[in-house]
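Welcome! Have a look at the structure first, then follow along.

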Amino acid sequence: MKWRTIFSSKTMGDDEEVKVFGMWASPYSRRVELALKLKGIPYEYIEEDLSNKSALLIKHNPVHQKIPVLVHNGKSIPESLVILEYIDETWRNNPILLSQDPYDRAMARFWAKFIDEKILSTTRKVSFTTGKEQEHAIEEVTEQLKLLENEVKGKAYFGGEGIGYVDIVANFLVFWFGNLQEALGINIFSQHKFPFIFEWIQKQLKIDMVDECRIPKDKHLTYIQTRLAAFKSASK
Amino acid sequence: MADEDVVLLDFWPSPFGMRVRIALAEKEIKYEYKEEDLRNKSDLLLKMNPIHKKIPVLIHNGKPVCESLVQVQYIDEIWPHKSPLLPTDPYQRAIARFWGDFVDKKIYGLESRKVWSTKGEEQEAAKKEFIECLKLLEGELGNKAYFGGENLGYVDVVLVPFYSWFYAYEKCGNFSIETECPKLIAWAKRCMEKDSVSKSLPDQDKIYDFALHVKKVFGIE
């Protein structure tokens, strides 16, 4: 039976305008869409061509000029983790993404940072290096994933009772990471090595909104291969 | 609160540690400060931060909180009534968090370290980017007394520890931050008028000596 979000009586006002500047293959962008879908917030999605960024994107995120950017009634919010907390604080209906308890919030923020600053950062090294450097990066990311595995061990969700902030930040494991390792021809991440994360993924897949944020596999594989080829020829 | 037990594992030149010292001082929280020798980390540090094995670690009633931006928000949420650091409005909070993240990525990041740890073209490029980032922060400050408005806020706490390192950067990089970013220096001096800041930041000369020592130890000329 598929799990569905429970909506409270709070609904969007007629004058609410929510836009997301994103990119279909970006795990950071998908997080934001997932959070909005879970909260039942309708939004206009604007696909950005990262090789030719729109004037609007640059206007809404002049500092970093990156996706994702959330624009709510004309107010721009960049940086996916900042956006997630903004969404949770602005729309207080279920699911509540971050606990009210300060210690639990600190733990959630800690793991989100760990995912972004360690796992995803090392994954970039895995993608864009070769030989010994890549081997070292693979070892590093494996160790980092083991720490995350330990964190979800014995839990249905990272946060507790239902999908929350860390589950959304960890969404890259549900589709993106598997596609990437297939495109790279490596095997870091398997059910055998990471049974608890795999169990968590199976639960995530039962959530409609998570499935709606699926990154289409074949398209993704082609995209990654094109990017890797371009990177290789640029670095010659 | 009488039964609060707050311990801070720290290292005196760490700007990350300074953030937590300032936040605790703003909230008037008494705590035990424990200086760590980073070449010989204590069992307590390794137990309380097994993942990163880094300072600062805030231990509140026996439970550890790691990562300075996480710690500052935790302190603000546990003791909300005195000197609130984050605003209440979600959009204003998002702006503050955005700039806190910017400071970590751009001012404390690996690229900015090159200002004091490299030479030649690499150093010049790092200096240029560093100044550009400080100017962006000046723009965000605008005409406000503090990033937090009329009082110290999250971004002030996150950024001002770096002021203690400015002299080291200037000497190693052979440039003047005040010439390039006078408003930011004026802001930093304004922050230093507060005890919570001035008592949390080491003397700039001591930081410079420390930076020279680090360069020597790592063979950086």
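The centres of domain 1 of chain B and domain 2 of chain B, taken over C-alpha atoms, are 21 Å apart. This is a predicted model, in which local features need pLDDT of at least 70 and side-chain atom pairs count only at pLDDT 80 or more, while totals for chains, interfaces and linings use all residues. Residues are numbered from 1 along each chain as its sequence is written, chains are lettered from A in the order in which they are written, and side-chain values use heavy atoms, without hydrogens and water.

**Exercise 1.** Find the two domains and say how many residues each brings to the contact.

*Solution.* Start with the bounds, which come from an automatic or database domain assignment: domain 1 of chain B spans 6–78 and domain 2 spans 90–218. Next, take contact as heavy atoms within 4.5 Å. Domain 1 of chain B then supplies 15 residues and domain 2 of chain B supplies 23.

**Exercise 2.** Work out which salt bridge joins the domains.

*Solution.* Look for a side-chain nitrogen of Lys or Arg within 4 Å of a carboxyl oxygen of Asp or Glu. The count between the two domains is one. B:Arg19 pairs with B:Asp104, and their closest N and O atoms are 2.7 Å apart.

**Exercise 3.** Identify the helix that gives the most to the domain 1 side.

*Solution.* Helices are DSSP runs (H or I, at least four residues), numbered from the N terminus. H1 (15–26) and H3 (68–78) of chain B each supply at least two residues of that side. H1(B) gives the most, with nine residues.
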